[in-house]
Amino acid sequence: MPIFHKILGGSIVLLFFVLFVWGTIFWIRNKDPGRYFWNLLAVGQVALGLQLLVGITLFVLGNRPPAQPFRWLHYTYGAFGLAVLIFAHRISKKFEGVEWAVFAVASFFVFGLLTRAYMTGVGMG
């Protein structure tokens, strides 16, 4: 796995973990997390989009994750991470005033999916 793809992937996993924890704490406190939450979410989404573009480029150039029986899971986890965010954007419109809570929950799932994508990408499972 090229180093840029690996470092960016690990950073995105950490970023969505921070969003999950941040959103959960503010959900428990029943307070809006503020504009920095939204800014960090925007950075995470752009970074994930960049990561997907880098991954597609690597795939087209013939660079694949280590040979393992379920190598295709690496791609599936990444795609589902993106799908969760798209779903969160659609469903958050129905929860006016607490849209951020939808993204806190979505960040939990994105964190889990991208952790697994990272693990399968580096050959850990």
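Predicted model: local features only at pLDDT ≥ 70, side-chain atom pairs only at ≥ 80, totals over all residues.
**View 1. The largest pocket and the residues closest to its centre.**
The largest pocket holds about 440 Å³ of space. Its lining consists of 24 residues, and the closest to the pocket centre are His5, Gln51, Gly55, His74 and Tyr75.

**View 2. Helices that contribute to the lining of the largest pocket.**
Two or more lining residues come from each of α1 (3-29), α2 (35-60), α3 (72-92) and α4 (99-121). The greatest contribution is that of α2, which supplies seven residues to the lining of the largest pocket.

**View 3. Residue classes in the lining of the largest pocket.**
By class, the lining of the largest pocket comprises 15 nonpolar residues, eight polar residues and one charged residue.

**View 4. The second largest pocket and its lining.**
About 170 Å³ of space lies in the second largest pocket. Its lining is formed by Val84, Phe87, Ala88, Ile91, Phe95, Val98, Ala101, Val102, Val105, Ala106 and Phe109. The elements that provide two or more of the residues lining this pocket are α3 and α4.

**View 5. Composition of the lining of the second largest pocket.**
With five residues, α4 accounts for the largest share of the lining of the second largest pocket. The lining of this pocket contains eleven nonpolar residues, with no polar and no charged residues. In the largest pocket, by contrast, eight polar residues and one charged residue accompany the 15 nonpolar ones.

Key:
Residues numbered from 1 in each chain as written. Heavy atoms only, no water. 1 Å grid on protein atoms, 1.4 Å probe; cavity = no way out; pocket = protein on both sides within 12 Å on 5 of 7 lines; lining within 4 Å. Points joined across faces, edges and corners; volume = space filled by probe spheres on them. Helix = DSSP H or I, 4+ residues; strand = E, 2+ residues; numbered from the N terminus. Nonpolar A, V, L, I, M, F, W, Y, C, P; charged D, E, K, R; others polar.
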